[in-house]
Structure formats: structure tokens, C-alpha cells
Amino acid sequence: MRKLAWIIAASLVLTASVTACGPKEKPAELIELERVRSSTEAAQINVQAPSAYARSTELYNSAVDAWTSGEKARASSYASLGQRQYATAKAISATKEANSKVLLYKKEIETNKAAIKTLEVQRDGLEKSIALMKHNISAASLASVETKIQSAMTERERAAGVGAKETQADTFNAGDLALKQATEYMAVGNRDAAGKAAEEANALFIRAYEAAKPEFDRQQQNLKSAERQTSLMQDAQAAVGPSYVFMDMKGVVMVVAGAFDYDKTTLLPIKYDVIHNIGELAKKYPETTVIIEGYTQERSRKAFEVSQMRADGVRDMLIPKGVDSRRLMTTAKGKENQRYNNRNKSERGLNDRVEITFIFP
Amino acid sequence: MRMRFGRIIAALGFGALLSVSLPSAMVFAQDGVKVREDVRNNQKRLDSLRADSSGRYVAEMTAISNWIEEALVRVGKNEISAARSLNIKTVVYLDYVDASLKKDTAVQMAGALELEANAVKAEKGKLEAAVQTLLAEEKLLQEQLKGQK
């Protein structure tokens, strides 16, 4: 019986010692702590929060020591605190990271705000510049239209000056209408339409002017010629004698009657002064063409030749007086156009004459 | 003589006992004061954190509060070692709550600033686009002006 008791006691002691020395079970908290400490983020946390991480390490070491000593409960408690300390280190690390971000964002915001300020200044400058340019363009456009209208009005005056209002009434009136439209468009601010209407008016007035101009010039020339003719008439009457000057369809005719002996071609000296005066008139009226016609009386036997020579002779006298030979033309008229009575002996000789006609262009 | 010797021995024994027990008792008393002060400091820190917490980390702070109360009880019972252990746990958790609150604030601020940075960036982008448009318009108008001259 005593033996059995000893055996049981020995078995109990053995069981207890085996239990005590058997494989130690690691607490879950310690396992978890080891897991998080071996993760990749742990290294970063150690760099970011070294003090907190170091405390976590101390607690971990204490947990390991406790576990090694077989104090499982204490090991669990230290490991749990180590986990919490690790979480603290992690939070500090995250705080630092967030603060870095804060600084980064602040810097970014500052940089961008500075850029915005610059851009705003640039934008404002551009807006002002654009407004100014728009104003200038508008003013230039307005000025352009006004110039066009002014130009059309000038053309209108020019056309009216050559009588286009009467001679080119249709075109001129169309121009007036377009000009009126241009003014009306301008009044309501429709610059484009005003400009186009002004251009049309301008073109119409120019067309009217160009169509009216030749006729106007002709009229002016005629008027001028008439005035000059009148002046020449007066001068010729003074130079040749009133009864030997007249005006016909061609121009002013001066008759140098009785200037030659019968069938002779030499000018009688008595007529030298008359020819001299006629030469002066030719110089005074350089725009005229001078036609010298030679005549004979009815009884002439070689009327044509003689009359030609008489005309040529007078021409040859005028040239040395300074009259351009290109203005002088001679014609043999012979017995044509007898001005004096051939039956009357005293008048017959007057037909031996030259007639000098000044023709205006 | 024998009796005197016995008294001397007793006195020496008592003195030896006193010399051993008194310092250890004084050290023990000093530890109690230090632990109690730590507990008070922990309480102040908890109050401060609670004021800044805006209702966050309630569970952690409740647990801390319980540990502080328990630590005070243990100190009262002169269970200094247990009180010290509780203090260590309390400090670790106070650190955790403190760090977490700071982290939350920093993360929140970073988030807000990120939003602001994005908004500013977007505004900058819009302005850049507007400036480009204006530059193109200006160029066009300049050409128009040149044409008029």
C-alpha cells in the first residue's frame, strides 16, 4: 500500500515536471507583436518615430523575457502593451507623414497662388489691351466709313462739277440714293452696311463723272474757243480792217483783197503791213490752225497755179515772222467764190487776193 | 552578567532589525508618493486629452480612467507594484490616444489642404486657359489692326 502511494506520488511529480518543462506556448499578443514588428512598415516607423518604437521594443523584450521565464500572463500583458506602443509609434509616424504632406500642400498652394497672381495680372493686362484694340478697331472702322462717305461726297461734287447731274442723271441719282442710305445706316450704327453703301455711291459718282467729263470738256473747249474767237475777231478787225474780217463756220476769216496784180504771184508792198499784222495774230493765238487760200479774178488764165503760188508766197512770209510752219496750210481756190464784181473794172482786181482763216481746235 | 549580555544581544538584535526594516519602509513610502504623483499626472493628461478628443477614442479613455482609479486604490492599499504596473499601462495608452489624436488632426489638415491645393491648381489651370484664349484674341485683333493700317 505504501509502495502504491509512492508510485502515485512519483507519477504526479513527473507529470508536473513534464508539464512545467514541456513546450512553452507563445501568447497570441506576442505572436501578433512579432508579426507587426517584422512587417515592412515597421522599418519606416522606426525611422519616423524612433523613441516610440524603442519603447515598443523594450516592451517586446520584456514580453519575451517574461515568456522565457514562463510567465505567460505577464508576457501577454507586455506584448499587449508593446502592440499599443507600436500603434503609438505608427500614429506618430503617420502624423509626421501627414505634416510633411501639409507642408508640401502649403508650399504647393503658395506656389500656385503666386502663379495665379501673375496670371491674373497677365489676364487683366490682356483684357485691357484687347479692350483698347477693340476700341481702336471700332474707331478706325468708324473713321473708315466716315472717310468713305466723305469720299463719296467729294466724288459727288466732282461729278456735279462736270454737269453729271444733268447729263448722267440716272447714275448720279443712283449715287445720291446710295449716299443717303450710307448716311442712314451710319445714323443707326450699322457701319458695315454704311461702308458698302458709301462705296457704291462713290463708284456711281465716279462713273457719272467719267461719262460726263468728255462732253463737259468739249463744251468748255467750245466756250473757250468762242471767247477766243470773239477776241480774235476784234484783234483782226483792228489789224486788217473791219470790213475784211468775218466769221464763218470754220473760224475767223481775214480777206487780203487786191493784194496782187493780174495773174501775178508777188504780194503788193501795200499789203506787207497787213500780212505782218496777221503774222502777229497767228503768234497771239497759237492754238489756231491757219489756212491760207489763194484766189484770182475770173479773167485769170492760170487761176489754179497762180492762186496756189499766192497762198504759198504768203505762207513763206509768215514763217520768218515766227509762225510755226506746221500750223500753216495753203490751198489754191482759183476763181472760186468771187467776192467782188468782175464786171466792174475798179473792183475786179480786188479778187486777186488771199483769205486767211484762223481755225480754233 | 549573563543577563546583561542577554540584554545587549537583544538590543543589538533589535537595532539590527530596525536598521534593516526602517530604510526599506522609508523607501517603500517614497515609492508610494511617486506612484501616486504619477497617477495624478496621468489623470491630468487624460483630462486634457478628453477635452481635445471631440468624442473620439472613448473606449480607450474609459479604460484609462478605470486603470487610474484602480491604481489609486492599489496605492491606497500600498500595493505599489500593482499600481506601478497600472501606471505603465496607462501611460502607454495615454501616449497612444495622444499620438492618435495628433495623427487624426494632421491627416485631417493634410486632407483639407490637399482639397485646397487641388482647388488652387484648378483655378490656376482655368486662368492659364483664359490667358491662352486672351493671347489668341489679342493676336487676332493685332492682325486686324495691321490690316486696317
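Trainee: B:Y57 is found in the loop between helix 1 (2–53) and helix 2 (58–76) of chain B. What makes a run a helix?

Mentor: A helix is a DSSP run of H or I with at least four residues, a strand is a run of E with at least two, and both are numbered from the N terminus. Keep in mind that this is a predicted model, where local features need pLDDT of at least 70, side-chain atom pairs count only at pLDDT 80 or more, and totals for chains, interfaces and linings use all residues. Residues are numbered from 1 along each chain as its sequence is written, chains are lettered from A and ligands numbered from 1 in the order in which they are written, and side-chain values use heavy atoms, leaving out hydrogens and water.

Trainee: Why is B:Y57 called buried?

Mentor: Buried means under 20% relative accessible area, exposed means over 50%, and partly exposed lies in between (1.4 Å probe, protein chains only). B:Y57 has 18% relative accessibility, so it counts as buried. Its phi is near 50 degrees, a positive value in a residue other than glycine. Most residues other than glycine have a negative phi.

Trainee: Now for the interface. What makes B:E137 and A:K134 a salt bridge?

Mentor: The rule asks for a side-chain nitrogen of Lys or Arg within 4 Å of a carboxyl oxygen of Asp or Glu. Here N and O are 3.1 Å apart, so the pair passes the rule. Across the interface of chain B and chain A, four salt bridges are found. Helix 3 (residues 80–148) of chain B supplies the largest share of the side that touches chain A, 34 residues.

Trainee: How many residues of chain B are in contact with chain A?

Mentor: 35 residues of chain B are in contact (heavy atoms within 4.5 Å) with 38 residues of chain A.

Trainee: What is the area that the two chains bury between them?

Mentor: Buried area is the accessible area (1.4 Å probe) that two parts lose on being put together, summed over both. For chain B and chain A that is about 3300 Å², 76% of it on carbon and sulfur atoms. B:V92, B:L127 and B:L134 supply 15% of the area that chain B buries against chain A, more than any other three residues.
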